[in-house]
Amino acid sequence: MRAARLIRLVLLLQSRPSMTGAELARELEVSERTVTRDVAALSEAGVPVYADRGRSGGYRLVGGYRTRLTGLGRTEAEALFLSGVPAALRGMGLADAASAARLKVSAALLPELRDASHTAAQRFHLDAPGWWLEPEAPDLLPAIADAVWDDLRITARYRRRDTEVERELEPYGLVLKAGVWYLAARVEGGDFRVYRVDRFTAVSPTAADEGRHDRHGRFERLAGFDLPAFWEERAAQFVRSLLREKVVLRLTEEGARRLPYVTDRTAGQEAVAAAEGAKAAEGAEGPDGQGRITVTLPVESLDVAYDQLLALGPEAEVLAPPELRRRFAAAAARGAELYQ
């Protein structure tokens with residue numbers, strides 16, 4: 001642990017002209033007294049660390065000293081590609097590896113390029129969790145992330161409604177969606193499924209089985225598996241599975257334009273496109289003779305549809321189902337009374 005910290009300290013000083021004890025303590029997450037002891041240890045080992053005294057003083061390397069400890073390890077290199085998502089790195093237990101990788105890259109750059117990471121970070125930032133959600137990494141996320149990195153088969157207990165089930169899984173990849181972690185895994189039998197990581201209650205490496213695994217319990221990944229493509233397909237299927245009800249609307253031109261922005265975007269766009277095609281086939285004025293179109297829209301529920309479609313106001317008329325039309329008629333009547 002201390003050896004890794006000493007290396008990080010040298011790399012920090014190599015990537016910057018000088019740093020104060022407080023700055024080093026903050027970067028290394030230790031006390032300033034620990035920094036002083038570490039600097040003394042480096043000096044005794046022959047690393048030319050020089051301390052400038054005074055209020056504007058700090059630590060620096062003397063004589064253009066360069067360490068050769070800049071080669072990236074595999075974990076550091078993989079973590080570097082995720083360094084734009086710091087919360088995700090912390091959740092998976094890779095923050096230290098990513099920090100070491102960034103330092104090694106900085107140390108290897110020419111002096112005039114060493115501020116590149118800082119300037120980029122000040123211009124671009126990815127904030128993955130959704131609004132009004134407190135980001136919280138599930139307790140078992142680091143263990144699952146380790147299995148994903150090392151292609152290790154796991155035995156997992158998973159909370160499903162009011163029961164728990166146990167599965168042997170081949171964990172292929174992790175996805176962070178709106179602050180929620182999901183695991184894409186292949187179950188015994190060959191099917192791929194998606195699991196919410198916060199619903200796992202226990203995870204452990206599956207014991208090696210000579211008939212299926214190597215001695216480390218690893219599995220062989222399918223060469224054609226593409227995590228982004230898999231997630232895009234499953235996410236689309238999930239959204240469609242939620243849209244169990246249908247409503248029929250008559251929309252003005254403005255209502256048709258705004259529909260995808262108040263409901264599920266894909267469902268709204270497809271409904272409008274189908275209605276526009278029917279309108280074109282029947283003539284410029286459309287089926288109602290006033291230029292409006294009639295769309296059939298899949299929705300999650302009638303309550304959700306009511307909340308969403310109220311945003312369209314007079315640009316949308318609900319035709320069916322009857323109970324939803326009655327709710328909108330009552331809402332319109334109450335609104336008319338308020339504005340008389």
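Visitor: Hi! Where is the place of Asp150?
Guide: Asp150 sits in helix α8, which covers residues 141–150. Helices (H or I, at least four residues) and strands (E, at least two) are DSSP runs, numbered from the N terminus. This is a predicted model, where local features need pLDDT of at least 70 and side-chain atom pairs count only at pLDDT 80 or more, while totals for chains, interfaces and linings use all residues. Residues are numbered from 1 along each chain as its sequence is written, and side-chain values use heavy atoms, with hydrogens and water left out.

Visitor: Is Asp150 buried, exposed or partly exposed?
Guide: Asp150 counts as partly exposed because its relative accessibility is 38%. Buried means under 20% relative accessible area, exposed over 50%, and partly exposed in between (1.4 Å probe, protein chains only).

Visitor: Let me step back. How many helices and strands does the protein chain have?
Guide: The protein chain has 13 helices and 10 strands. Of its 340 residues, 34% count as buried. The chain exposes about 21100 Å², and carbon and sulfur atoms supply 51% of that. Those areas come from the Shrake-Rupley method with a 1.4 Å probe; for residues, only the protein chains shown count as cover.

Visitor: What share of the contacts comes from residues 24 or more positions apart?
Guide: Such pairs make up 61% of the contacts with a separation of 6 or more. Contact here means heavy atoms within 4.5 Å.

Visitor: Okay, the core. How many residues has the largest nonpolar core?
Guide: That core has 24 residues, and those with the most contacts inside it are Val247, Leu249, Leu251, Leu259, Leu297 and Leu309. A nonpolar core is a set of buried Ala, Val, Leu, Ile, Met, Phe, Trp, Tyr and Cys residues joined through side-chain atoms within 4.5 Å.

Visitor: Which elements give two or more residues to this core?
Guide: They are strands β8 (245–251), β9 (293–299) and β10 (316–320), along with helices α10 (253–262), α11 (265–282), α12 (302–309) and α13 (322–338). Apart from this core lies another, of 20 residues, among them Leu141, Ile154, Val165 and Leu183.

Visitor: What does Leu259 touch?
Guide: Not counting residues up to four places away in sequence, Leu259 touches Leu249, Leu251, Gly268, Val272, Val295, Leu297, Leu309 and Leu312.

Visitor: New topic: how many salt bridges are there?
Guide: A search of the whole structure finds 15. A salt bridge is a side-chain nitrogen of Lys or Arg within 4 Å of a carboxyl oxygen of Asp or Glu. One of them joins the side chains of Asp38 and Arg5, at 2.7 Å from N to O. That pair links distant parts of the chain, with Asp38 in helix α3 (residues 32–44) and Arg5 in helix α1 (residues 2–15), 33 residues apart.

Visitor: Why does Asp38 count as buried?
Guide: Asp38 counts as buried because its relative accessibility is 1%. Arg5 is buried too, with a relative accessible area of 18%. Leaving aside neighbours within four places in sequence, Arg5 is in contact with Leu28, Val30, Thr34 and Asp38.

Visitor: Which side chain meets Glu317 in a salt bridge?
Guide: The partner is Arg250, at 3.0 Å from N to O. Glu317 lies in strand β10 and Arg250 in strand β8, so the pair ties together parts 67 residues apart in sequence. Glu317 is partly exposed, with a relative accessible area of 24%.

Visitor: What about Glu254 and Arg257, how many residues apart are they?
Guide: They are 3 residues apart in helix α10, so about one helical turn separates them. Elsewhere, salt bridges that share partners join Arg153, Glu168, Glu170 and Arg186 into one network.

Visitor: Last one: how many aromatic pairs are there?
Guide: The count comes to 11. Rings of Phe, Tyr and Trp (its six-membered ring) pair if their centres lie within 6.5 Å; planes under 30 degrees apart count as stacked, over 60 as edge-to-face and the rest as tilted. The Tyr182 and Trp231 pair is tilted, because the planes are at 45°, and the ring centres are 5.2 Å apart. Tyr182 is in strand β5 (residues 180–187) and Trp231 in helix α9 (residues 227–242). There is also one aromatic cluster, formed by Tyr172, Phe192, Phe219, Phe225 and Phe230.
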